[in-house]
Structures are given as C-alpha cells and as structure tokens.
Amino acid sequence: MIASEGRRSIWRSRRWLAVPVLAGALALAGCGDFRRFETASIPSSTPAAKPSRPAAQSPAAEREHERILATYGGAYDDPRLEALITATVDRLVAASDRPDLTYKVTILNSGAVNAFALPTGQLYVTRGLVALASDTSELSSVLSHEMAHVLAKHAAIREDQARQAALVTRVVTDMGTDPEMTALALAKTKLSMASFSRQQELEADGIGVGISARAQFDPFGASRFLTAMERNAALKAGRGDARSQDFLASHPATPERVRNAQNNARQYASPEQTAKGERDRETYLNAIDNIVYGEDPSEGFVRGRRFLHPKLGFTFQVPESFTLDNTAQAVIGIREGGSQAMRFDVVRVPAEQSLGDYLNSGWMENVDKSSTEELSINGFPTASVAARGDQWQFKVYALRFGSDVYRFIFATRQKSAESDRNSRDTVNSFRRLTLDEIQAARPLRIKVITVQPGDTVESLSHRMSGVDRPLDRFRVLNGLDANATVKPRDLVKIVVD
C-alpha cells in the first residue's frame, strides 16, 4: 500500500521539523484520550500513475520516492541481501499474471516492520521486516502481497479515493452549518475508505499467495509471517509502542486474515506437503546474518530507559516505571499502566525569543502563565509551564541546547508528587554525551547461530543484547510459539551489539 504522506523523522539531521503537537495530535483544548499523543498520518496527494517500468518514472513518483527515503532513514546498502531480494522478485514476477512488468525494490534503513508499493511498481521493504522474517517464503509473501496491490491497481484506486475524501471534507467544511450533519458526512466518507481498504488487503492476500505458490515458494509463508507480525505488534504494544511506521498501522493483520491466508495456501498444498527447500530458510538466514537490527545509532536510539543521540551529542533517561519508543515524530515514553506519558521533540524558537515567551506564545491552550519558571538544567537554559486538558494535566519544558530547542511534554491523568518527580528527574537527566559514549555507540545486529546440544530457548535468549524482554523477543524473531523448542543444528537469530 502507499505510505502515508509526511512523517519525516525528526531524528535525521539537525534540521529537525517540529510536529504541531498540542495544536493537533496533543491539542490541550480537548485531550480526551491519550491517543492524541500520536501524530495522525496525512493521506498522500501524489497523482496516481499506471504500473510501468521504473526506468520511466514520473516527477511525482520520484518525489514520492525521495519522501519515502527521507521518512524511513534512506536506503539500506547490503549487496548480499539485495541479491536475495532481487532473485526472489524475479521468481515472483515470472509466476505472476504480468511477467512483462519490472519492479524496483528498495530496502529502507528502518527498524520498523513495513512494506508498501507505489503504482509505478516501486516496492519498499524495511530492514526491520527483513529481520523479522524467518525464511525466503515469508519474505516472498510480503513482496507478492505488495506486487498484488500494483497488479490490481489498488494504489492508484486508493489515491483516487483519498482525493474524493478530501473533496468531500472541503465541501462539508465550507458549506456545513449543522455540526451533526458535517460529522455524519465525514464519518460516512471515512467508513467507505476503511471498508475499501480491507477489501483491498484481502484481495492482495489471495493474489499474493497464488503468486508465491506458483513461484514454488511455500504458500504457508504468508500465514506464518502474518502471525509473526501479530506477535511482534503485541510485544511492542506491551511497552506502549504506537507502531506509527509499522506494517500493521496500515495493513491490519487479524486472526481472520491469518485464517484466510491459510485457506488460500491450502488451495496449492497442505502443510504436510510443503517441501523444506521451498522455504529457503538456510539461504535466507545466511543473507540476513549481521543485518542492522532496530534503530541506527547515528540517528538516535533507545537503550533500556535511556535515549541517546550520538550525532547531536545528548542523552536523557526516564524513570524505572517508563518505557521508551523512538518514533518518526518524537521520542515517546509511557509509564506502566498508561497513567503517565512523555513526548520529547524539537521545535523552532527564534534565538531572540525567550523560552518562557515561547511556552506562552499561544501554540497550546489552557496554559497557566503564572506557573512559568525560568530554569537552568545542567547549564542549559530551560523554561517550564503547566497546562490542563479535560482528562490530562501537562507539564511542558523547553530546553535550549546549542542552536536547537528541545521540548519535553509530560502528561498525567492525576497530578501527584510522583508525577512531578518523574518529570523533573527526566529533564534533569538531559546532558551532553561524552566522547567515549559517542564512540561506543554502535548498532545492534542480527547474528545467525547454530543451536548446540544442551541449548534451550531460555539459554539462547540470554545471549541477546540491547533488547527488552529477550525471551519473548527471541521467540518472536524465530517464529516460535510459547511451547516451541529448538533442536541441535537448528539455525536461529539472536540480537548482539
């Protein structure tokens, strides 16, 4: 599917762009639920194009390509992995209904689990998705699913639907004087779009499984990978991850879809008939050995409760009860149980404007101006202010670090001594990284190892580095359910630094 517009990562360079946090996603005027912490995606307005050979890309398609690269950290350079994906796509194209079409695949340097296609036949897959897959048949199920969107012209149709929805929105906004009628019109438009999207996904699932099966890949790869994504999403949801850039944000993988994928696969083979070679597991794991896992440290990364940005030279830490997630828009911290939350991002503040004036400049509502304080945090000029929403109370800090201003936004359902302490401790932990810390920052990687006699799922998970819940993550990475075991000479993935 087409990637949503915008969402350029604020962690890509010093030219961070401020997301309109409290003016939209975190509007203080109506903070009725915490989902307002998440920045909504904006439908793409790129003109649709018919599938064609990538050599004849339109300027609009080129712009979309560059936007995708900017959003997902650029292209990931790995010749061995590129060769495997190219060979896989060639097999799939030859088995499709349009073997005359040419596809161009780009591996994106992002730990998110995502894949999508442009109408022109450009396919994108993140290294996070590649790391999650356990064999070539699982990867082929994703690629053939995205090819199916191109073959069925879903991407072009989706763009037409988005333009129609935008037109309806403008009409009811310009002409609607009855709020209830306006809301009804918009709700109907959104419902139509959601229903159409689900139909597209199911159709692409069926087409994709057929292509994979005809290409001699295990047709059950699709159901296995949908299950892996569900488990991965559940693991991330357990630590409050918004999944803003992940496949499941726009490709809902429900138990129904897993069942449909299994039923589609049974048209071509039974699970017992599937030959091991059609999964190409060993070839696949050899190709992804040493692939970067998770975030690229040069662009900012999370290690436990600490966020570090070696390129920009700073770090901070959240309290023990919090988990951190580095999203495209901001670093999000959520307290266990969801009663407190934090957002850290960057904003443009003129050098001549004081931080206190910025906090009271009207970009958020219900500010208690009398609460404004001018502070110094580890030598950095800082200001703070309090604000209230319907169900949340906020404490906002603006901190000037060099030529940049960083913003901490803390939200709590009920103000308490603990919530005050958590916000103060987090802001007070903001400091410069030492040269040794900057030099020691290196990416986590996938390492493929051979199970030895005596190894267990538990003992192998203890060899994982730099990840939370290593036992659960080991199972998710290797497609193992709660009762699965490992056998000597099995190849498995672990995360190492």
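Guide: Rolling a probe the size of a water molecule over the atoms shows where empty space is left. Here the largest cavity holds about 130 Å³ of space. A cavity is a set of points, on a 1 Å grid over the protein atoms alone, where a 1.4 Å probe fits but cannot get out, and lining residues have an atom within 4 Å of a point. The volume is the space filled by probe spheres set on the points, which are joined across faces, edges and corners. Keep in mind that this is a predicted model: local features need pLDDT of at least 70, side-chain atom pairs count only at pLDDT 80 or more, and totals for chains, interfaces and linings use all residues. Residues are numbered from 1 along each chain as its sequence is written, and side-chain values use heavy atoms, leaving out hydrogens and water.

Visitor: Which residues lie nearest the centre of the largest cavity?

Guide: Those are S141, H145, D205, A222 and L226, from a lining of 14 residues. Two or more lining residues come from each of α5 (136-151), α7 (179-214) and α8 (221-237). Helices (H or I, at least four residues) and strands (E, at least two) are DSSP runs, numbered from the N terminus.

Visitor: And how do I read a sheet?

Guide: Strands of a sheet pair through backbone hydrogen bonds, either parallel or antiparallel. This model has an open sheet of seven strands, ordered β8-β9-β10-β14-β13-β12-β11 with antiparallel pairing; a pair needs at least two bridges found by DSSP. The edge strands, β8 (322-326) and β11 (367-377), each pair on one side only.

Visitor: How many bridges join β12 to β13?

Guide: Seven. In β13, Y397 is the bridge partner of S384.

Definitions and conventions:
On a 1 Å grid over the protein atoms alone, a cavity is a set of points where a 1.4 Å probe fits but cannot get out, and a pocket is an open set with protein on both sides within 12 Å along at least five of seven lines; lining residues have an atom within 4 Å of a point.
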